[in-house]
Amino acid sequence: MSSKVCMILVWFFVICLLVVGLVMVSSTAAWAEETKHPYEPLFKQTAFACAGLVGAMILSRIDYRIWRKYIWWILGGACFLLVLCYVPGIGKEINGERRWITIGMQFQPSECAKLCMMMALANWLALYRDRTTSFWWGFVMPGLIFGIPLALILFEKDMGTSVALALAAFCVMFVAGTRKIYLGGAFALAGTALCVLVQSNANRLERFLAWKDLDAHRLGAGLQQYRASIALSRGGLDGVGLGNSAEKHGTLPFAHTDFIFAPLGEEFGFYGTMFVLLCYFLMTYAGIGVAMQCRDTYGRFLAVGIVAIIFCPAILNIAVVTNAVPNSGLPLPFISFGGTNLVFTLAALGMLTSIQRFSTGAQPNCEITRKDERSIDVRL
């Protein structure tokens, strides 16, 4: 398939997921405690989707290579926003996690940081693509580039986003040519660090123990996954029908956000959940097709990163809801209720569209070369 066809397919499956998301938000969010009007969540989610689509349209018409001139400023700005989560009066703590800031409006800086991290990582790996097999240039330095904002996100107690972003970064490094032995060692080290982090935090440890024995913790830390299992089993093959979910009526906390896949499975059954999974896999496959046909190394790595920051959280969220992994608190892209995730995910797809548009057509009009290891010459 041509890159244009691949990009059309990406947007087709994204629109399918957006439609499913709006239907499920309308069905589940009306019963949330904070909802004042039954249609309020649907109106908000529709507004967020429109804002994200407008942002995607704007980014799709801007040559993605232009942003490379400002890449370190962009990454620094993302880190600055993450630091603001800890500033009293600006950062806001919800459910024991400091993921939000309020500057005129409330949003999650980690969602913005995802794309910024991938841009910076792709820039470095493309700039030193002839050294990606070396320990220092292909592993240590890229690790620092995404490790600093990743650590800030982790300190917000947002382990789910941290794990998903680390997996996405490893995907980009693997494609770039980083040696497998380095990545394997990093996985082992990350696994050890996760064990330490889980044991050092009572809430994380309780979630892990609940995952191991869901029945024993069905009224405590394992409540969400236990009720999600009931919802999925009640759905069967065909589901109980749109709007007929029983778990969304308060027995399943956050049914309209992190655990929206459970009422989806209850109302649409096994067939509905498989349709959603198929959309994610085919969108990812088409996105990789765009990356493979990209003529620019930076664009190729960035395209892989954009696809990974959508696919990894989606699979991790579904794994949590189906009790395959411990509860980590991640939204399901395009489907869960929430503005920041939806807007920035659609914006990232706008940049993927820009990659397809500007890297597979005419000759590049923006080139970055390495004069030496200390300077970057950007020519427009």
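The lining of the largest cavity comprises 6 nonpolar, 2 polar and 2 charged residues. Here Ala, Val, Leu, Ile, Met, Phe, Trp, Tyr, Cys and Pro count as nonpolar, Asp, Glu, Lys and Arg as charged, and the others, Gly among them, as polar. The model is predicted: local features need pLDDT of at least 70 and side-chain atom pairs pLDDT 80 or more, while totals for chains, interfaces and linings use all residues. Residues are numbered from 1 along each chain as its sequence is written, and side-chain values use heavy atoms, without hydrogens and water.

On a 1 Å grid over the protein atoms alone, a cavity is a set of points where a 1.4 Å probe fits but cannot get out; a pocket is an open set with protein on both sides within 12 Å along at least five of seven lines; lining residues have an atom within 4 Å of a point. A volume is the space filled by probe spheres set on the points, which are joined across faces, edges and corners.

The largest cavity holds about 80 Å³ of space. Its lining includes E111, K114, I309 and F344. Helix α12 (339-359) contributes the most, with 4 residues; helices are DSSP runs (H or I) of at least four residues, numbered from the N terminus.

The second largest pocket has a volume of about 700 Å³. Of its 25 lining residues, L150, A166, F170, A186 and A190 are the closest to its centre. The lining has 20 nonpolar residues, 5 polar and no charged.

Definitions and conventions. Helix = DSSP H or I, 4+ residues; strand = E, 2+ residues; numbered from the N terminus.
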